[in-house]
Amino acid sequence: MAKQIKFSDEALALCNKLMKRYPEGKQKSAILPILHLAQAEFDGWLSAPVMDYVASILKIQPIEVYEVASFYSMFNLKPVGKCVIEVCRTGPCWLMGAEDLVKFIEKKLNVKEGQTTADGMFTLKTVECLASCGTAPMVQIGEIYHENLTFEKCSTILDDYKNKGEEISHYRKERIKNHSEIKQ
Amino acid sequence: MGRQLLINDLDKERIQSLAGYKAHGGYAALEKALKMKPEEIVEEVKKSGLRGRGGAGFPTGMKWSFIAKPPGVPRHLVCNADESEPGTFKDRFLMEKKPHILIEGMIISSFALGANVSYIYIRGEMMYVYHILEKAIQEAYDANLLGKNILGSGYDLDVYMHVGAGAYICGEETGLIESLEGKRGNPRIKPPFPAVKGVWDRPTVVNNVETIAAVVPIINMTGDEYAKIGIGKSTGTKLISASGHINKPGVYEIELGVPVEEFIYSDEYCGGIRNGKKMKAVVAGGSSVPILPTELILKTAKGEPRLMTYESLSDGGFITGTMLGSGGFIVMDEDTSVVKNLWNFTRFYHHESCGQCSPCREGTGWMEKVLHKFLDGHATMADIDLLWDIQGKIEGKTICPLGEAAAWPVAAAIRHFRSEFEEYVKNGKNMKDVKHYYRINNMQPA
């Protein structure tokens, strides 16, 4: 029996606040923020049932959610590890050694780019420019930018996440918490 | 160091907060603006000569004056904070360090345009900046700088944050509008322009973060005074994001007109090339603009020193010039492979093409594959001409400028570095051993 898909009360209240930011009848505009929330609530990725659920909240057709979710690179349409490592690979980061950084992480975690470690802890992704060119090379983990990396620094950061174990998915909850301070 | 109008006071305590920002003259421009007529604000911005800081450089005052005003239809201002042009990180810096200058600029600009609901579209990756701005907006509401009857002026404004989800194309204004409507970010055919039919078919102005922030000093010092900074039609200050093989990467605010040579080598700015290397090439305005070799970036073809202005950087057109663009200034040293760098950029455009127009959707992928042949040692001399041919068939044949953005770097790399392409062809697979890029610090690859 599959787990019932439903937002926490906190997330649901936030959904309603987000939808009110757009004019009457234009609630579909809230799709991107709500998909971010859904990803935070449901293990970091968007399954078809989750997308159907989002469609029901926005009162739109499921296909309208699928076509949006598949367009934007931040939405994971497959399961991911608890901790998603996003290495910037574009332009200036590449000039400063992003390609070597990816190889280093691949070797350290024993995964290839795009894969998840066997223990389900880390997923390694490469992404396009994260506007951190002056502090290249860098990786983003959750909401945090880790900048001016060396192999050593990167290694410490990854160990740190690994040691936190189960707690590392906390950043997703953080996202919901920070949102709910919005009063207007 | 020239005058700083945007990123001044960053060393001041709590400049990120409303109290700190106000203590250093923040929101004085808003109080002044609310006593003016909206048309007068537009007039000041026109006089200032301010040009769009996102990359296109279109005069902001003129853009504002195009907004349609049909009775009974709400108008919107949308701030484009979807900064994703490779090499550009100034908006993130500004929003993170001094969020209230953007909020103040949003209120003044919205008032000038007659908008009562405005949005800040920030890219999804910058979630931590989103939280900073949310907090700043909340502070502004609490101080009656937003909401109903702002500071007793009778003007109402709500500013909302809207978050993207990872798409370069949403930095294009109509792509951004589609995205704000909750759709895929496919750019629209213009006309109708957003000023007539924008978000939800309502008149809309989309402005870059830096453009909106620059309205604050313009109101403070008047448009005429602002226009005195800079050279010719390049007025005011500009944030430059400097990255690559330089000693001091970072965001610099320059008075437009600083010589490029001074910008690269002076200790006030980039501080020269790191590790004592020589400079090979510069991409002066974000990855989309033509790459120039050292001799052409420092001096124009006529031998005049090149300046950091819209006009000087584009002197010589695309044959010997480039563009100021978004101010994403990427410096490459003598060890850099221009071919591999071009492959990196082209892969980016292939990845980010929305797929609407065939020349861009197919062309970007095709160019990426051909460039891959060079790197893998399978390319022939005919492939250089093939690349030239493909880029020429993308440029000007697409709905939005992503096509040009993908084509220009290819054309410029071939134009200025053809011999390097030929070297790849002649040396075949041996080129694989060429050092393409920097190793991270002194560490060896894994």
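## A two-chain predicted model

The C-alpha centres of the two domains of chain A, domain 1 and domain 2, sit 27 Å apart. What you are looking at is a predicted model, so let's take the chains in turn. The domain assignment puts domain 1 of chain A at 9–76 and domain 2 of chain A at 83–170.

How confident is the predictor about chain A? The average pLDDT of chain A is 89, and 88% of its residues score at least 70.

| Element | Residues | Mean pLDDT |
|---|---|---|
| Helix 4 of chain A (highest) | 62–69 | 98 |
| Helix 8 of chain A (lowest) | 170–180 | 56 |

Now for chain B. Chain B is built from 18 helices and eleven strands. Along its principal axes, the C-alpha trace of chain B spans about 75 × 45 × 45 Å. Why call chain B compact? A compact globule of 446 residues would have a radius of gyration near 22 Å, and chain B has 22 Å, so the two agree. Of those 446 residues in chain B, 55% count as buried. If you take the contacts in chain B with a separation of 6 or more, 72% of them come from residues 24 or more positions apart.

Next, the place where the chains meet. Chain A puts 49 residues into the contact, while chain B puts in 54. On the side of chain B that touches chain A, several elements give two or more residues: helix 7 (127–142), helix 15 (338–352), and strands 3 (158–163), 7 (237–244), 8 (250–255) and 11 (328–333) of chain B. Which of them gives the most? That would be helix 7 of chain B, with six residues. As for the make-up of this side of chain B, 25 of its residues are nonpolar, 20 are polar and nine are charged.

Finally, have a look inside. In soluble globular proteins, nonpolar side chains tend to be buried together. The largest nonpolar core here has 190 residues. The members that touch the most other members are Ile34(A) and Leu35(A), along with Cys79(B), Leu102(B), Ile108(B), Ile122(B) and Val331(B). Helix 18 of chain B, residues 402–427, gives the most to this core, with eleven residues.

What does Ile34(A) contact, leaving aside its neighbours within four places in sequence? The partners are Cys15(A), Leu18(A), Val54(A), Ile57(A) and Leu58(A).

Notes: Residues numbered from 1 in each chain as written. Chains lettered and ligands numbered in written order. Predicted model: local features only at pLDDT ≥ 70, side-chain atom pairs only at ≥ 80, totals over all residues. Domains from an automatic or database assignment. Contact = placed C-beta atoms within 7 Å. Helix = DSSP H or I, 4+ residues; strand = E, 2+ residues; numbered from the N terminus. Nonpolar A, V, L, I, M, F, W, Y, C, P; charged D, E, K, R; others polar. pLDDT = per-residue confidence, 0-100. Core = buried A, V, L, I, M, F, W, Y, C linked by C-beta atoms within 7 Å. Buried ≥ 20, exposed ≤ 12 C-beta atoms within 10 Å, placed from the backbone. Rg over C-alpha atoms; globule rule 2.2 N^0.38 Å.
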